[in-house]
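My notes follow in the order in which I looked.

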Amino acid sequence: MFDRVNVGESCWASTAQLPTFGRLDRSLDVDLIVIGSGVTGITTAHLAKQAGLRVALLEADRCGSGQTGRSTAHLTAVTDVPLTRLIERIGAARARAIWEAGFAAITRIRAEIRDARIHCDFAWVRGCLHAPHGVPGVQARAALAQEAAAAHTLGIDAAYVDAVPGLGGPGVWFDGQARLHPLRYVSVLLDRIDGDGSGVYESTHVDAIDQVDDTVIVSAAGHRVTARYLVVATHVPLPFARFEDDGPQPLVNVSTSYVISGTAPAGPVDEGIYWEHRDAAYEYLRIDRTDRDGAPDLVIFGGVDHAGDEPAAPAERFARLERRLAQRLPGVRIERRWSGTIVDSIDGRPLIGEVRPGVFVATGFGGNGMTYGTLAGMMAVDAARGVTSPWADLFDVRRQGGLPGPWERAPDARAVC
Ligand SMILES: Cc1cc2nc3c(=O)[nH]c(=O)nc-3n(C[C@H](O)[C@H](O)[C@H](O)COP(=O)(O)OP(=O)(O)OC[C@H]3O[C@@H](n4cnc5c(N)ncnc54)[C@H](O)[C@@H]3O)c2cc1C
């Protein structure tokens, strides 16, 4: 399975303790089945249980062992697709709705953290979209000034600056973004799912899905789980979740991204989350600063993505990342190196919704999966309860822009289901 080939353990894995659960050992009937236990599946199962549904959360491996534990966990409502492009494509009202959807998800995360008193290093920080490496200053300035103007058109709090402290080139600051420790966050939600007719099952690989009338039947670990509603939260496509009569399926692109992390004395670059203004793969940086006197910054830096989900020449890619980081922030003591899988939709908007009545999928999150995975959980539980989400059309998995067409890149595209 292609999300099992990542290189190295992330900086979160060593500092998080997730609860453990047994393998599925009997057949079950519940209200909602969730396949996949990353931020999307855990959020879905947690919210569903809160809403009074009986849930079975089925995870092939350990909970949190997918991409959620490999994320750099920038929580941002700023899309990977530049705002100028988004407005051009779908208009200002819908571009604004995407921002609101992202923000609703971050607000939800904040509320969970507050209500359950989760210690997961959550902090509101500024996000900075900055000039990409190697692009001439004049060109970068014009493009970033346009991004700031587009943000203002949408009523988003953003400020253009000619020189980002510590990085030098132009950038746009977005207020009200955030970051957290992804595994500490999900571990507390996970703890609240098991019991009262709901259960979490690890080492439970789902092998087949079927639907007979209004009942979804999932085969896993030699047993059958039945429910009225299924949420496929596996991040990467599940080929067997496709049904013959479903018609054309939306496509995704899969790529591999590399990350290094370490510590450094607090330097000229402000605490925050940073990412390059680029169409395709971009470099991303996160700086966590603590209030403790003399405590070093946690520095996380990623990029050098390539198409496909098999890591390619990782040693060379990590070396390239280290050189790039040293140019920006000299003196970081590198402690961890890892890679992970990014799944993009063809039009840059996540794919969240029903592929058919009773079967909900959530994928195509790009670099915003902590935000969109949470949003998907909120939307999935609404859908399972028959409530129409305000964002259902925007992220509809059957939309035209999610289907093959004259969009920018689909060299390695796969069907979602
Ligand atoms: C290097 C990197 C950096 C990133 N940085 C950011 C960031 O800064 N901000 C951000 O918002 N997003 C970021 N992302 C994206 C984000 O991490 C992902 O989009 C998000 O974690 C996906 O969550 P998920 O729950 O959908 O999937 P996952 O966390 O991958 O969970 C899916 C689970 O499904 C399980 N599964 C798969 N198949 C089966 C099966 N047949 N049966 C049972 N279980 C199955 C897997 O074992 C896995 O545990 C980053 C991703 C990477 C790789």
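How many helices and strands does the chain have? I count six helices and 20 strands, where helices (H or I, at least four residues) and strands (E, at least two) are DSSP runs numbered from the N terminus.

**Ground rules.** I note that this is a predicted model, in which local features need pLDDT of at least 70 and side-chain atom pairs count only at pLDDT 80 or more, while totals for chains, interfaces and linings use all residues. Residues are numbered from 1 along each chain as its sequence is written.

**Confidence.** I looked up pLDDT, the predictor's confidence in each residue from 0 to 100, and found that the chain averages 90, with 92% of the residues scoring at least 70. Over residues 403-411 the pLDDT stays under 50, and the model has 15 contacts beyond four places in sequence for them; two residues are in contact if their C-beta atoms, placed from the backbone, lie within 7 Å. Where pLDDT is low, the predicted coordinates should not be read in detail.

**Overall shape.** The radius of gyration, taken over C-alpha atoms, is compared with a globule rule of 2.2 Å times the number of residues to the power 0.38. For 417 residues a compact globule would come near 22 Å, and the chain has 21 Å, which agrees. Along the principal axes, the C-alpha atoms fill a box of roughly 60 × 45 × 40 Å. I also noted that 77% of the contacts with a separation of 6 or more are between residues 24 or more positions apart.

**Burial.** A residue is buried if 20 or more other C-beta atoms lie within 10 Å of its own, exposed if 12 or fewer, and partly exposed in between, with C-beta atoms placed from the backbone. On that count, buried residues make up 50% of the 417 in the chain.

**Helix 6.** Helix 6 (residues 369-384) has 16 residues and reaches 21 Å from first C-alpha to last, close to the 22 Å expected at 1.5 Å a residue; the expected span is 1.5 Å times one less than the number of residues. Why do I call helix 6 largely enclosed by the rest of the structure? Because 14 of its 16 residues are buried. Just after helix 6, Gly 386 takes a positive phi of about 80°.

**Helix 1.** Helix 1 is also mostly covered, with 11 of its 12 residues buried, and the covering elements include strand 2 (32-35), strand 3 (55-58), helix 4, strand 12, strand 19 (359-363) and helix 6. Gly 52 follows helix 1 with a positive phi near 90°.

**Single residues.** Is Leu 183 buried or exposed? Leu 183, in helix 4 (residues 182-191), is buried, with 26 other C-beta atoms within 10 Å. Beyond its neighbours within four places in sequence, Leu 183 is in contact with residues including Trp 12, Leu 18 and Gly 64. Asp 175, in strand 7 (residues 171-179), is exposed, with 12 other C-beta atoms within 10 Å, and its contacts beyond four places in sequence are Arg 126 and Asp 157.

Ile 106, in helix 2 (residues 83-116), counts as buried with 22 C-beta neighbours inside 10 Å. Leaving aside neighbours within four places in sequence, Ile 106 is in contact with Leu 75, Ala 77, Ala 178 and Thr 371.

Ser 203 has a phi of about 50° and lies in the loop between strand 8 (199-201) and strand 9 (206-212), whereas Val 304, with phi near 45°, is in strand 16 (residues 297-307).
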